[in-house]
Amino acid sequence: MRGRQREAYSMYKRLSSRDYTNTIDMEAKELIDAIDVEENSALLQKITVSEPSNPSWRLSFPHVVVATLSSFLFGYHLGVVNEPLESISKDLGFKGNTLAEGLVVSTCLGGAFVGSLFSGWVADGVGRRRAFQLCALPMIIGAVMSASTKTLAGMLLGRLFVGTGMGLGPPVASLYVTEVSPAFVRGTYGSLIQIATCLGLMGALFVGIPVKEIVGWWRVCFWVSTIPAAILALAMVFCAESPHWLHKQGRTYEAEAEFERLLGGSHVKTAMAELAKSDRGDDTDTVRLSELLYGRHFRVVFIGSTLFALQQLSGINAVFYFSSTVFKSAGVPSGLANVFIGIANLSGSIVAMVLMDKVGRKLLLLWSFFGMAISMSLQVAAASFYSSGSGSLYLSVGGMLMFVLTFALGAGPVPGLLLPEIFPSRIRAKAMAVCMSVHWVINFFVGLLFLQLLEQFGPQLLYSIFGTFCMLAVVFVKRNVVETKGKSLQEIEIALLQQE
């Protein structure tokens with residue numbers, strides 16, 4: 001009896017244990033499923049929240065707009081003497097003196113060379129914001145001198161001051177826009193520099209319209225330029241300093257604060273980590289000119305200088321200088337011709353802004369230089385059949401407008417954006433200064449020699465030479481330029497270092 005009770009008890013125990021175990025297993029399974037659901041939901045939520053997203057472009061946009069005022073001033077002062085030059089020469093007593101008239105234009109280029117040559121050292125020495133303010137100062141002083149002068153010497157001195165600011169502005173603008181822009185809109189923001197330059201040129205033409213009807217209006221043209229220059233100097237007080245420059249100076253906390261202003265708080269750690277990746281501990285070392293000309297950074301500086309040289313040797317400024325004559329031959333007034341050129345330039349720049357971060361810098365450069373070569377071939381064809389009548393004139397006008405349009409698509413805006421991207425942080429400002437100096441030297445000699453070469457060789461040969469340089473540029477870009485679209489500056493720098 002007792003044995004049966006013991007057996008029944010053990011059977012009951014086994015059954016109870018099995019049932020209890022099954023119950024526990026079911027409860028555990030349900031609990032695990034619930035935990036999995038919670039974990040998956042939490043993980044999904046975490047992925048949604050922490051998935052790397054682009055910072056808002058609205059934060060950095062106002063800072064970029066203020067910086068492009070320097071490019072607007074650059075364009076304005078390039079075009080400010082075109083229409084009023086005849087009135088200036090009459091009022092200041094050098095009418096008919098072609099040398100003096102040439103000096104009024106070219107003195108500005110000489111000052112720009114000096115300004116661009118020292119722009120890197122200024123930008124690295126005092127920071128990007130103060131460099132903009134130093135750029136605005138000589139523009140204000142020079143404009144006031146030109147507007148109030150009664151002698152040729154005063155005009156030339158004023159133009160020299162303005163030129164110094166013009167030379168300092170573009171490289172600093174390229175640096176600043178590159179360093180404060182989020183990677184996904186850096187190309188778009190870089191295109192704003194070219195658009196601002198176009199607007200400056202068109203603004204100068206617009207302001208100069210009454211110059212032939214109103215005596216002394218040319219002085220107003222110079223006075224007007226002091227307004228955007230003063231706005232640039234004052235507005236820069238409220239703009240962010242470049243976090244890259246602050247980091248180079250060892251001012252890490254300030255760099256973080258500026259990143260927060262430009263990108264938003266959630267992107268600060270990522271941006272600082274990117275800066276730290278490329279920090280090799282030599283950022284505070286003095287950059288010697290020998291490093292740029294024949295040291296370990298020679299290759300990137302060579303690429304940058306060659307791009308700017310080919311940009312000028314393509315004949316773009318020669319086209320601008322000669323456009324009025326071509327349009328006049330076709331029966332188009334010079335004022336209307338300038339409007340057509342300005343619209344073509346602005347239209348190409350806007351298209352480039354839309355495409356820069358979609359198709360990339362390299363592709364835009366390739367098609368731009370190729371399109372310029374085709375345009376020059378149209379000019380050569382028009383010059384070959386010049387005596388055949390109006391058809392050749394229309395072909396020449398069409399080729400000229402196409403040339404300006406294709407230039408604005410890539411060859412105009414891309415070099416100024418691409419070079420600060422490919423230059424390592426340590427040499428960025430000074431390398432830009434060297435490349436921009438090459439730009440101004442080539443620009444000066446093309447402007448100086450163009451009319452003489454045109455008389456000596458004729459338009460066919462001269463345009464053929466320009467077209468050849470455009471095709472050389474296509475080959476050079478294909479072989480040497482790297483694509484930087486959508487990459488952070490640190491990613492580009494590390495990639496280029498690995499290539500070396």
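**Reading aromatic pairs and a helix contact**

Trp 57, Phe 61 and Tyr 189 form one aromatic cluster. The model is predicted.

Trainee: How many aromatic pairs does the structure hold?

Mentor: There are nine aromatic pairs. In the pair of Trp 57 and Phe 61, the ring centres are 5.7 Å apart and the planes stand at 85°, so this pair is edge-to-face.

Trainee: Where do Trp 57 and Phe 61 sit in helix H2?

Mentor: Helix H2 covers residues 57-67, and the two are four residues apart in it, which means a separation of about one helical turn.

Trainee: What is the geometry of the rings of Phe 132 and Tyr 176?

Mentor: Their centres are 5.5 Å apart and their planes are at 90°, so Phe 132 and Tyr 176 are edge-to-face. Phe 132 belongs to helix H6 (residues 128-148) and Tyr 176 to helix H7 (residues 152-180), so the pair ties together parts 44 residues apart in sequence. Both Phe 132 and Tyr 176 are buried.

Trainee: At what angle do the axes of H6 and H7 cross?

Mentor: The axes cross at roughly 155° and come within 7 Å. An angle over 145 degrees counts as roughly antiparallel, so H6 is roughly antiparallel to H7. The crossing of H6 past H7 is left-handed.

Trainee: Which kinds of residues make up the contact of H6 with H7?

Mentor: The contact has 19 nonpolar, six polar and three charged residues.

Definitions and conventions: Residues are numbered from 1 along each chain as its sequence is written. This is a predicted model: local features need pLDDT of at least 70, side-chain atom pairs count only at pLDDT 80 or more; totals for chains, interfaces and linings use all residues. Side-chain values use heavy atoms; hydrogens and water are left out. Rings of Phe, Tyr and Trp (its six-membered ring) pair if their centres lie within 6.5 Å; planes under 30 degrees apart count as stacked, over 60 as edge-to-face and the rest as tilted. Buried means under 20% relative accessible area, exposed over 50%, partly exposed in between (1.4 Å probe, protein chains only). Axes are lines fitted to C-alpha atoms, for helices over the stretch in contact, and angles run from 0 to 180 degrees between N-to-C directions. Angles under 35 degrees count as roughly parallel, over 145 as roughly antiparallel, 65 to 115 as roughly perpendicular and the rest as oblique. A crossing is left-handed if the near helix is turned anticlockwise from the far one by less than a right angle, and right-handed if clockwise. Ala, Val, Leu, Ile, Met, Phe, Trp, Tyr, Cys and Pro count as nonpolar, Asp, Glu, Lys and Arg as charged, and the others, Gly among them, as polar.
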